[in-house]
Amino acid sequence: MNMVNFVRFLAGLPDDVAQDATLGDQAQHGAVLMAVDNTVSSPGNPGDMDSAFFNEASTAVSQSLVAMGYSTLPNTVKAWVSETAGSILPRRRWILNPQMQYTGLGFCNGSSAFADMMALDTSRAATVSYDYTAWPGGEAFPVQFFSSTSPWSVTLNPSRYQAPVAAAITVAMRRASDGKVWILNSTDTNTSGPYLAVDNSPAGVGNCIMFLADSAVTISAGDQYTVLVAGLKKADGSDTSIYYTVNFFDLP
């Protein structure tokens with residue numbers, strides 16, 4: 001839970017998500033089922049599992065972020081927010097859902113380690129006031145939580161922006177150390193970079209712009225990048241853009 005809240009803190013979101021006992025119990029059922037069936041993809045009843053246990057476990061898996069092969073739950077959470085280009089980043093976006101208040105986490109070692117996180121809660125009482133959520137973002141960002149192969153993302157607050165249109169979006173990235181600039185648009189479809197895509201499905205929050213430059217983008221302590229996302233529209237239909245800076249540092 002500390003890791004869940006730390007990554008939310010890095011994204012500038014409320015970092016007080018709590019583990020709900022019921023959700024935690026469901027998640028642990030799901031982790032056990034995945035470990036017994038040795039899969040994260042629609043695990044079946046192994047035949048000797050109580051039907052009530054199996055029903056609760058399979059429901060939990062269907063409502064969870066799932067993973068296998070990570071030695072601890074904190075490492076699993078880090079992997080979920082890292083993801084790779086070519087997906088819609090659902091794991092990152094669910095963890096960084098501003099309205100999440102409760103979750104449950106499960107972990108079980110079988111032939112491999114299996115983990116899951118109940119991710120659909122949106123029960124936060126107060127509406128979170130934010131403009132957008134950037135990963136990496138937040139002015140200062142630890143290098144341990146990002147890599148050069150992980151896509152950058154900007155998720156716009158739907159109450160303040162219209163759904164982004166991929167063909168209209170341009171992203172410019174500039175590295176301060178040498179002034180190198182990368183310009184990305186929707187014609188960039190190489191998931192290893194350059195890459196830009198938009199997904200408006202409600203994986204946590206819609207309005208997500210994902211981008212990845214190329215292998216020349218280094219992620220090292222002391223690197224500073226400025227990002228300009230152009231071609232956006234405010235909720236009232238007026239044209240706008242967003243601009244932010246990320247300073248990478250080494251986390252002690």
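**Close-ups of a predicted model**

**View 1. Arg-93 and its neighbours.** Leaving aside residues up to four places away in sequence, Arg-93 touches Ile-88, Thr-155, Asp-199, Ser-201, Ala-203, Gly-204, Val-205, Gly-206 and Cys-208. This is a predicted model, so keep that in mind for every view here. Arg-93 sits in helix 5 (residues 90–95). Its relative accessible area is 4%, and since buried means under 20%, Arg-93 counts as buried.

**View 2. Helix 2 from end to end.** Helix 2 covers residues 21–37, 17 residues in total, and spans 25 Å from first C-alpha to last, close to the expected 24 Å. At its start, a side-chain oxygen of Asp-20 comes to within 3.0 Å of the backbone nitrogen of Thr-22. Just past the other end, Asn-38 has a positive phi of about 60°.

**View 3. The buried residues of helix 2.** Look for Leu-23, Gly-24, Ala-27, His-29, Gly-30, Ala-31, Leu-33, Met-34 and Ala-35, the buried residues of this helix. They pack against several elements, among them helix 3 (51–62), strand 2 (64–68) and strand 5 (113–118).

**View 4. Strand 5 and its two partners.** Strand 5 pairs antiparallel with strand 2 over five bridges, and five bridges also join strand 4 to strand 5, again antiparallel. Asp-116 has Val-66 opposite it and also Gly-106. Three residues make the hairpin link between strand 4 and strand 5.

**View 5. Both faces of strand 5.** In a regular strand, side chains alternate between the two faces of the sheet. Here Ala-113, Ala-115 and Met-117 point one way, while Phe-114, Asp-116 and Met-118 point the other. Six of the six residues in strand 5 are buried.

Note on methods
Residues numbered from 1 in each chain as written. Predicted model: local features only at pLDDT ≥ 70, side-chain atom pairs only at ≥ 80, totals over all residues. Heavy atoms only, no water. Helix = DSSP H or I, 4+ residues; strand = E, 2+ residues; numbered from the N terminus. Expected span 1.5 Å × (residues − 1). Buried < 20%, exposed > 50% of the residue type's maximum accessible area, 1.4 Å probe, protein only. Contact = heavy atoms within 4.5 Å. Polar contact = N/O pair within 3.5 Å; in protein donor to acceptor, adjacent residues only side chain to side chain. Pairing = 2+ DSSP bridges.
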